[in-house]
Amino acid sequence: MTATWTNYGEVFTRRWVVEALLDLTGYDASVDLGSLRVVEPSCGSGAFLGPAVERLIASATARGRDLGTLGDAIRAYDLRPENVERARARCIELLVGAGVERSMSEELARDWVRQADFLLEALEPESVDAVFGNPPYIRYDDLPDDVAAAYRESWSTMRGRGDIYVGFFERALAMLRPGGRVGFICADRWMRNQYGSVLRRFVTSRFSVEHVWTMHDVDAFDAVVSAYPAITVLANHKQGPVVVADTTAEFGPSSAQALVKWSRDESLTAFSDTGVQAHRLPHWFDGAESWPTGSPARLALIELLTDRFDPLHDPATGTKVSIGVATGADKVYVIDDPSLVESDRALPLAMRKDLASGRFEWQGSYLVNPWDDEGNLVPLEEFPRLARYLAAHPALRNRFVAKKDPGAWYRTIDKVHAELTPRPKLMLQDMKAFINPVLEPGGHYPHHNLYYVTSETWDMEVLGGLLLSRIAQAFVEAHCVRMRGGTLRFQSQYLKKIRVPRSESLNPRTAEALRNAFRARDVEGATLAAAEAYGIDPFSYELVSAA
């Protein structure tokens, strides 16, 4: 089956980016490239293929290889016949310029460049030393239905509403010999979005991450595109150190080559040049969950603390991160007048507005609570005011939860756990630019737009100081995709990523500094005290200003 459509997702890469990626995948003229087999899966008119052929010719010439014997050294594929012809013409030009007879040059070009769908057709060779290029940018939704179905059937990582470069990663990795590498420049959204979860698990379970260079603002392509690109190099060997780089618009050829050179010396851990900061991490992150993002120094911090400390949410310490009660009908269950129901059916409710000042200041909201202390629905006949109030809202019976169990039509979606109400809780709003834990001393139940932390072992003000710090903020920033305007989602899945020391490991002076910073809402003080608790230098990880 050959795919045909009008949008081919072509974005052509600048020469200096190509050179850097070839270096990172080990396709260097100092190596005997004639003994390797490499693939360019979507060659276009030859942005990667041309420099690769130049390197192959230089390597073979330096070793006295007959260029006519290199027919198996390269395979390049493209869907469009016009691209195939242009790429072949480029190869012929380079070979003839190197002294190869034209007929032999044409034969080699036909061997090297072929019209094929990289994701669908049987290709040879199936075992290669490197795959490099810039795979096409095409959303699954933009594919013809039959093509999309065929891709999904062929490649298990192509799930959700993603981009076909996900399948390019999977097939390229599956072709690698031991020690082989895949080097692509393409969008990095798969590292964090849901549609990339299967690919992330595939990579971390069988391969290794070697380089991630974030290049969102770099002029990396011949045309202006909004692709959030990154250079990503993956390898077929056990996971080892990883170079992460964060670039600005000033990043260019000289900085790229300097970074390549630095990355080859594994004794070096930090790098800085025009438009780029880089750091060498000792290893990469595991599993299908979203991979962290941020500056290289911040990623180094996240990895260090993840290795050394336990999660905030930890049954061993009795510390729990959760979300407040979802009612399914806030307009009915959230009230300001407690006299509408019996006094023991009006439960003081903590809302977002109660946290606005940075301290818990209850504004007088109540939850109409249909649950008893054992987690059972109360009999309505025993609470006539509650019964009249709920009966006045017949829409409650139309909710899914009510239709599922008509006898429990008046239940809230979540049960109310009576034992939670009196406990001290650190409460956090979901959508904020900065982490802002607020201590609710007990007596109020959290609403579902609040997340909360309880603990059996922590002094809640000391823990609040840790959560107020920029270290806690760094964990959430690393795992959460920012919304428009810089807003972060402080949801339980991200809060659970935060690592904390054991409460008993803190000396009294550090604990008091965290407590005082929390009470004063002093982020800088909390960060310095938290750094001491974690045993790190806050200046090395961009947590506080050296000034």
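# Charges, rings and a close contact

The model is predicted. It holds 28 salt bridges, and the count of aromatic pairs comes to 16. The points below take these topics in turn.

**Salt bridges**

- Side chains of opposite charge can pair when their charged atoms come close.
- In this structure there are 28 salt bridges.
- One of them joins E54 and R15, with the closest N and O atoms 2.6 Å apart.
- E54 belongs to helix α2 (residues 49–62) and R15 to helix α1 (residues 15–24), so this pair ties together parts that lie 39 residues apart in sequence.
- E54 has a relative accessible area of 27% and is partly exposed.
- R15 is partly exposed too, at 40% relative accessibility.
- E85 forms a salt bridge with R88, and here the closest N and O atoms are 3.6 Å apart.
- E85 and R88 are three residues apart in helix α3 (residues 81–97), so about one helical turn separates them.
- E85 counts as partly exposed, at 48% relative accessibility.
- E461 forms a salt bridge with R519, with 2.8 Å between the closest N and O atoms.
- E461 is in helix α13 (residues 460–468) and R519 is in helix α16 (residues 508–520), so the pair ties together parts 58 residues apart in sequence.
- Is E461 buried or exposed? E461 counts as buried, because its relative accessibility is 18% and the cut-off for buried is under 20%.
- R519, in contrast, is partly exposed, with a relative accessible area of 44%.
- Some salt bridges share partners, and these join R15, E19, D23, E54, R55, R90 and E93 into one network.

**Aromatic pairs**

- A pair of aromatic rings is described by the distance of the centres and the angle of the planes.
- The count here comes to 16 aromatic pairs.
- How are the rings of W262 and F271 placed? Their centres are 5.6 Å apart and their planes are at 40°, so the pair is tilted.
- W262 and F271 are both buried.
- W284 and F285 form an edge-to-face pair, with 5.1 Å from centre to centre and 70° between the planes.
- The planes of W284 and F285 count as edge-to-face because their angle of 70° is over the cut-off of 60 degrees.
- Both W284 and F285 are buried.
- W284 and F285 also belong to a cluster linked by ring pairs, together with F169, F184, W190 and W291.

**A glycine in a strand**

- G133 is in strand β4 (residues 128–133).
- G133 has a relative accessible area of 0%, so this residue is buried.
- Which distance separates the C-alpha atoms of G133 and C43? They are 7.2 Å apart, while the two residues are 90 residues apart along the chain.

Technical notes: Residues are numbered from 1 along each chain as its sequence is written. This is a predicted model: local features need pLDDT of at least 70, side-chain atom pairs count only at pLDDT 80 or more; totals for chains, interfaces and linings use all residues. Side-chain values use heavy atoms; hydrogens and water are left out. A salt bridge is a side-chain nitrogen of Lys or Arg within 4 Å of a carboxyl oxygen of Asp or Glu. Helices (H or I, at least four residues) and strands (E, at least two) are DSSP runs, numbered from the N terminus. Buried means under 20% relative accessible area, exposed over 50%, partly exposed in between (1.4 Å probe, protein chains only). Rings of Phe, Tyr and Trp (its six-membered ring) pair if their centres lie within 6.5 Å; planes under 30 degrees apart count as stacked, over 60 as edge-to-face and the rest as tilted.
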